[in-house]
Amino acid sequence: MNVRPKKALGQHFLTDMSVAARIADTIDLPGYDRLPILEIGPGTGVLTRFLLDKGRELKCIELDSESVRYLAAVYPQLPVIEADFLRLDLRDVYPGPFALIGNYPYNISSQIFFKLLDYKEQIPVCTGMLQREVAERICAAPGTKARGILSVLLQAWYDCEYLFTVSEHVFNPPPKVKSGVLRLVRNGVTDLGCDEALFKKVVKTAFGQRRKTLRNSLGSLIPAGHPLRDHHLMSERPERLSVAQFIELTRALETP
């Protein structure tokens, strides 16, 4: 039974078993190695086979009906949910904590990680592969050009680590870019100390005009005469700020 990679779904099937085994092992962390696993986009099950070997509860979410039929034939014991991950309520999959992993579809990888934030209390560890540029952006430190919205929002709640790069030549079809494997582990933060919705708004607004200083990019959020306009961080560009500094700005904006 053949499964054709579909461009519309951003499918690039991994063909190197050693790389698949290495990715599967990224989810084995002390303290988290008994959590059930949810795999996104198993495709032909290259990563799935190594996850099954771990003896942990495993469920998969797959949108491609051709892949679903293939997985049912090859791994009849495997629960596969035929659904769009971005539309799914993950509490219906696992009511408690679980680990998330996948060779994430390139065309929705950023959206997957934005959704992760909505379930951060359920997902203490997340690993997997995506295009290298996005993986580097997620893990980018303050002061680097790659730093963006995802960097700040995810690093507020997770320790983000870029693990290794994967060549484009181990996929069918080969993507036009290299891939990166990362790992996110909850950092213990339970409260940012500011309004979370406003924090997100400040971060997204700041990076919406990333070439401008914060005084200009955040101007629409700041009431006339508000002391935040004279804050020492307002002369910086957003990629230079740490999570703590974005929280500092959000708290200052909350103060009349």
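Strands are DSSP runs of E with at least two residues, helices are runs of H or I with at least four residues, and both are numbered from the N terminus. Two strands pair if DSSP finds at least two bridges between them. The structure is a predicted model, in which local features need pLDDT of at least 70, side-chain atom pairs count only at pLDDT 80 or more, and totals for chains, interfaces and linings use all residues. Residues are numbered from 1 along each chain as its sequence is written, and side-chain values use heavy atoms, with hydrogens and water left out.

The protein chain contains nine helices and nine strands. Its C-alpha trace spans about 65 × 40 × 30 Å along the principal axes. The radius of gyration, taken over C-alpha atoms, is 20 Å. A compact globule of 256 residues would have a value near 18 Å, so the two agree; the globule rule is 2.2 Å times the number of residues to the power 0.38. Of the 256 residues, 52% are buried. Here buried means under 20% relative accessible area, exposed over 50%, and partly exposed in between, with a 1.4 Å probe and protein chains only. Contacts are heavy atoms within 4.5 Å. Among contacts between residues at least 6 apart in sequence, 68% join residues at least 24 apart.

Strand β2 (residues 37-40) pairs with β5 in the parallel sense over four bridges. β2 also pairs with strand β3 (residues 58-62), again in the parallel sense and over four bridges. I37 has a bridge partner in each neighbour: A99 in β5 and L58 in β3.

β5 pairs with β6 in the parallel sense over two bridges. A99 stands opposite V125 in β6. From β5 the chain crosses through α4 to β6, and this β-α-β crossover is right-handed. That is, with the strands pointing away from the viewer, the path from the first strand over the helix to the second runs clockwise.

Helix α5 (residues 132-139) has four buried residues, V134, A135, I138 and C139. Seen down the axis of α5, these residues fall within an arc of 130°, so they line one face of the helix. The arc is that of the directions from the helix axis to the C-beta atoms. The buried residues of α5 pack against α4 (109-118), β6 (125-131), α6 (149-155), β7 (158-166) and β9 (179-186).

A search of the whole structure finds zero disulfides, a disulfide being a pair of cysteine sulfur atoms within 2.5 Å. For C126, the nearest cysteine sulfur is that of C160, 9.2 Å away. For C139, the nearest cysteine sulfur is also that of C160, 5.4 Å away. C126 counts as buried because its relative accessibility is 0%. C139 counts as buried at 19%.

A224 lies in the loop between α8 (214-217) and α9 (243-254). With a relative accessible area of 78%, A224 is exposed. A224 and C126 are 98 residues apart in sequence and 42 Å apart in space, C-alpha to C-alpha.
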